[in-house]
Amino acid sequence: MNETIVHRHWLAHLAPKAAPAVATSTVLILGRIWNANGAEHSVGNAALMVVLAAGAATAGAFASAGRRGDSVIAGTAFAASGGLALAGVAGYADGLSLPLLLWALATSVAYGLAARYWRTDRRDTTAYERCTTERREDHAHVERVEALRAGAQIEVARSGAAYAEQLATALITRAALPGFDPKALASAGLPELAATQTTKEH
């Protein structure tokens, strides 16, 4: 049972771990660019970001409180709400202290939420690997048993063929002995040669 072994590049392992920091850093950078282009102390822009962040948070609350409770939609909505809030503060504030503080807080929260999904994914991966290993061991055991059974059948057939060959050789040798009397063998109850029986019939 051969299975393809896929080796992932180290960047593929690193990308999910760096995604939360990259996302929050991107929002912070874009917010500061927005700040440099006229968003600083702009009440209209700040109000827009507050409305968008509140709308995203409300959507996340409705998604998590629904009958099915879709965690993916809720998580996405809450992440969008946090990102909009961070972008609004980064664009409105005149210094870097508050945006950096919110960036650190948002990154910590993002990693805290991501760690939960990473643990779940790692648990599922471990369970899958354990199940795959058990299935491989079961198949290997079945293959070993079948190989032993086939080997035993081959040995039995080989022994039977060797016995038949030895018996035929013994019968031929017995018929060639001087003073061989088929009638004496028949009267003694011993098996008679087929060739002898054919000769008698003729």
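How many residues does helix α3 have, and how far does helix α3 reach from its first C-alpha to its last? In this predicted model, helix α3 spans residues 71–92 and has 22 residues, and the distance from its first C-alpha to its last is 31 Å, which is close to the 32 Å expected at 1.5 Å a residue. Several positions along α3 are buried, including the alanines Ala74, Ala77, Ala87 and Ala90. The glycines Gly83, Gly88 and Gly91 are likewise buried in α3, as are Ser81 and Leu86.

A nonpolar patch is found on the surface, where Ile29, Leu30 and Ile33 together present about 290 Å² of accessible area. Of these residues, Leu30 lies in helix α1, which covers residues 10–39. Leu30 counts as exposed because its relative accessibility is 53%, and the cut-off for an exposed residue is over 50%.

Two salt bridges are present in the structure. One of them joins Arg149 to Glu146, with the closest N and O atoms 3.2 Å apart. Both Arg149 and Glu146 belong to helix α4, which runs over residues 97–175, and they are three residues apart, a separation of about one turn of the helix. Arg149 has a relative accessibility of 46% and therefore counts as partly exposed, and Glu146, with a relative accessible area of 40%, is also partly exposed.

The side chains of Arg158 and Glu155 meet in another salt bridge, for which the N to O distance is 3.1 Å. Here, too, both residues lie in helix α4, and Arg158 and Glu155 are three residues apart, or about one turn of the helix. With regard to accessibility, Arg158 reaches 52% and so counts as exposed, whereas Glu155, with a relative accessible area of 43%, is partly exposed.

The aromatic side chains were examined next. A pair of aromatic rings is described by the distance of the centres and the angle of the planes. The structure holds one aromatic pair, which is formed by Tyr111 and Trp118 with 6.1 Å from centre to centre and 65° between the planes. The arrangement of Tyr111 and Trp118 is edge-to-face, because planes over 60 degrees apart are assigned to that class. Tyr111 has a relative accessible area of 28% and is therefore partly exposed, and Trp118, at 22% relative accessibility, counts as partly exposed as well. Trp118 is not classed as buried, because that term applies under 20% relative accessible area, and the value for Trp118 is 22%.

Technical notes. Residues numbered from 1 in each chain as written. Predicted model: local features only at pLDDT ≥ 70, side-chain atom pairs only at ≥ 80, totals over all residues. Heavy atoms only, no water. Salt bridge = Lys/Arg side-chain N within 4 Å of Asp/Glu carboxyl O. Helix = DSSP H or I, 4+ residues; strand = E, 2+ residues; numbered from the N terminus. Buried < 20%, exposed > 50% of the residue type's maximum accessible area, 1.4 Å probe, protein only. Patch = residues over 30% accessible without salt bridge, like charges linked within 9 Å, V, L, I, M, F, W, Y side chains within 5 Å. Areas by Shrake-Rupley, 256 points an atom, 1.4 Å probe, with all protein chains shown as cover. Expected span 1.5 Å × (residues − 1). Phe/Tyr/Trp six-rings, centres within 6.5 Å; stacked < 30°, edge-to-face > 60°.
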